[in-house]
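Visitor: Hi! Could you walk me through this structure while I have it open?

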Amino acid sequence: MRRPAAASAAVALIAAVALLAGCAGSPETTDGPTEPEPGLLRVLAGSELADLAPILDEAAQATGVRVEFDFTGTLDGAETVASGRADTTHDATWFSSNRYLALQPGAPAQMGTATEIVSSPVVLGLRRSVADALGWIGRPVTWSEIAAAAGARQFSYGMTDPSASNTGFSTVVAVATALVGSGAALTVEQAASTAPALKDFFAAQTLAAGSSGFLQDAHVRRATRADPGPPVDGLINYESVLLGLNAAGTLPEPLELIYPADGVITAEYPFTVLAPASQQAWDDHRKLTGYLRTPAVQQALMDRTFRRPAVPGVPLAPVLGTATLVELPFPAQAEVVDTLLTSYFDKIRRPSRTIYVLDTSGSMGQDDRIGDLRRSVAGIAGADPSLTGQYRRFRGREEVTPLPFSTNPGTPQTFVVDENDPGPTRAQIADAGNALQADGGTAIYDSLRRAYDIAGEQIATDPDRFTSIVLMTDGENTEGSDVGAFRDYAGSRPEDLRTVPVFTVLFGESDNEQMTEVATLTGGRTFDAGTAPLAEVFKEIRGYV
Amino acid sequence: MLSGVIALASSSPAADRLLAARPTPRTYAPFSSPMAVATFAPIVDLLTRAGVVAPGTQTFDMRRYLELAAASTRWDQLPGNTTFPARKDLLVSTTDVCRSNSAAMYLGLASYVANGEAVVADPAGVAAVTPAVQPLFRDQGYSPPSTEVLFEDYQSAGMGRVPMALVYEAQYLAEELSPDPTLPAGARLLYPSPTVFSRHTLVPLEPVGDRVGELLTTNPELIALTAQYGFRPTDPRPFTEAITARGLPAPPTLVDVVEPPSYDILEGMLAGLGCAP
């Protein structure tokens, strides 16, 4: 199975390019459940494993066992497995970590043999010139120093949403454990801490994303000035992803990897057969993981994807460094993790400002679309009881402005969610959603312009927030200015509005081409409510704002 | 329902449980392995200076270790520690105590020391030692589900992830004795004092199971084979031969050995640690 070195370098390059092109990013799903078949493992997985495709193709040739990935987020995946819903449609899971999953009631009983394949720590990659200016090259740097520099805005960085992706989640755990922990796994009291150092660290985050792939993409687009927003200095991600970015050479300046001396959280990629899976699936799992853990394949995984070998006796490549990486303790109590995430979202992270531009034209009266919209707003206002729903609700301190529109932009109503008692404000937002009525024409671009004006006024009053616009329409523009006018506006937006992305929802008869253009012009992305329920789409967008 | 010819329990409390479900006139304990701490040379130096390891020996003093652990001592608080100044508690890494025998053996050991050098034997004893032993597990945070995974983490991820791993002596020795050993640079093995033996107990379920038990206990070739895998057969000689034949120093004779608590008491302690029955 050994291939010539040149060919292997080429494959690595193609994989890296594919990653940059965003292939690894947007979650893909298979078209409905696949029937079980011998030699096929149906695997619920984290999307960051997409870059393993070439190695898995070779594995299929060598072992006769193919893998079909069904990508999902960290919390969604944990919920699917714990509920037992994964059993009927999947044979195995392969997430970057089982640590969160194992805390869910019912999950351990669903999990069979978990075989670690590779590992990669979550670290901070920083533009070399910025790392150099901070004096962070060639010496140990602690989380406290990083938090202090972040608090003084000496650098900026991007990170994924911890309810959507393991890298953001690991970062929240690592930072809290290092900054408020005592040296042991966090306690509930420590997890509830709102210490200034924590707020300092997260204050420097200027780029957010609901998926790892989108985050990398957005970072590269900003760095290469393909996106209107200013470049971001750093990126929190797996060591493997950051080294892959450097190797691909698409960034104008390479990233220096900062491995905090007081510890990291490492993903260990356990390929886990589901306990109720068939004997055939258990056998296939054993065959495939056995192959992936042979020294030659472990070497290939390291050379081609920059992940660390799990099997002893494969020496680390020099690019992976020689420093001793201290592993921080990961809390083993669900209550600690839940407290930590709630505190992060409601009290610690940079607060968000979101303007919801919502189509209430006459066509929304068809097929109970308006009812769908009301329920979707209610869902993210707290009615969604799912695990992800808990962390995707309107958060403490968040500023939310629904702007309904039809023939003209309607009346905006702004709510600021109470930090200590978010319930009542969320209820008011749900009420506002419930009051939406379908009637009139569709003035998309006048309303979008109005949203930017509102954002401008709000930013002038209170600049230190993540500001985004969500645009939901079920049809084509029928009134007022057109997409051309918006295109002109987008290119000439004032400085403080250039970082405000529009996340567009494809729904009903919306003009997908125009919605995609609006998202691309502003650094946002589209979400398809044609293939997923509107409420799910509204929830997914929450990971980006 | 138990089915098959034999059942193999990895410790005597686990065998108690098997026997309760399936009484049988005779059981076999063909080999055993003491619990040990796989670590690294720089850690041994630090532990020696902290009084946990007796200078020049492989003895890991459980009483001194529990004192440091009770005070939540961090590595970076050890005086003069420049080799491993991690801002992390000095704790032996174990497997998930709710799911794995090796951690349960360690619980037996720690509870013995915490109970004033006596095997915990009643519910009052369980209640008395729980506060002392709980932090040893809880403060580690997430721990791996099996001893194989823990030992592999020790081997491949190094000192930063697993400075001290609670393993079976046999795991470490099997690696040393293998044709192609893969122990990390500076690997060292320490023996807790007191320690506890995990006695792999064979419970015959069918008459032919007795034959298997007999063979494992008496057949010289099978006994030599178990020694090659790092286990201690009842007769110490084949074990010592397997080690010295490879030019390795003979493992110390362990004198301070305690018995694990009974199955019921162990279950009581696990419940006290929050494990579901």
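**Confidence first**

Guide: This is a predicted model, and chain A has a mean pLDDT of 91, with 94% of its residues at 70 or more.

Visitor: Where in chain A is the pLDDT below 50?

Guide: Over residues 1-31 of chain A. That stretch still has 55 contacts in the model beyond near neighbours in sequence. Where pLDDT is low, though, the predicted coordinates should not be read in detail.

Visitor: Switching topic: I clicked on B:V120. Where does B:V120 lie?

Guide: In the loop of chain B between α4 (101-114) and α5 (123-138).

Visitor: Is B:V120 buried or exposed?

Guide: Buried, because 26 other C-beta atoms lie within 10 Å of B:V120, and 20 or more is the cut-off for that.

Visitor: What does B:V120 touch, leaving out residues up to four places away in sequence?

Guide: B:V120 touches B:S111, B:N115, B:G125, B:V126 and B:V129, plus B:P261, B:I265 and B:M269. As for B:L109, eleven residues from B:V120 in sequence, the C-alpha to C-alpha distance between the two is 9.8 Å.

Visitor: Now some helix packing. How do α9 and α10 of chain B cross?

Guide: The axes of α9 (residues 220-228) and α10 (residues 236-245) of chain B come within 9 Å and cross at roughly 50 degrees. That angle is why α9(B) counts as oblique to α10(B). Their crossing is right-handed.

Visitor: Which residues make that contact?

Guide: From α9(B), B:I223, B:A224, B:A227 and B:Q228; from α10(B), B:P238, B:F239 and B:A242. The classes there are six nonpolar, one polar and no charged.

Visitor: What about α19 and α20 in chain A?

Guide: Helix α19 (residues 483-491) and helix α20 (residues 512-522) of chain A have axes that come within 10 Å and cross at roughly 10 degrees. So α19(A) is roughly parallel to α20(A).

Visitor: And who meets whom there?

Guide: A:V483, A:F486, A:R487 and A:A490 of α19(A) meet A:Q514, A:E517, A:V518, A:L521 and A:T522 of α20(A). This contact has five nonpolar, two polar and two charged residues.

How values were computed
Residues are numbered from 1 along each chain as its sequence is written. Chains are lettered from A and ligands numbered from 1 in the order in which they are written. This is a predicted model: local features need pLDDT of at least 70, side-chain atom pairs count only at pLDDT 80 or more; totals for chains, interfaces and linings use all residues. pLDDT is the predictor's confidence in each residue, from 0 to 100. Two residues are in contact if their C-beta atoms, placed from the backbone, lie within 7 Å. Helices (H or I, at least four residues) and strands (E, at least two) are DSSP runs, numbered from the N terminus. A residue is buried if 20 or more other C-beta atoms lie within 10 Å of its own, exposed if 12 or fewer, and partly exposed in between; C-beta atoms are placed from the backbone. Axes are lines fitted to C-alpha atoms, for helices over the stretch in contact, and angles run from 0 to 180 degrees between N-to-C directions. Angles under 35 degrees count as roughly parallel, over 145 as roughly antiparallel, 65 to 115 as roughly perpendicular and the rest as oblique. A crossing is left-handed if the near helix is turned anticlockwise from the far one by less than a right angle, and right-handed if clockwise. Ala, Val, Leu, Ile, Met, Phe, Trp, Tyr, Cys and Pro count as nonpolar, Asp, Glu, Lys and Arg as charged, and the others, Gly among them, as polar.
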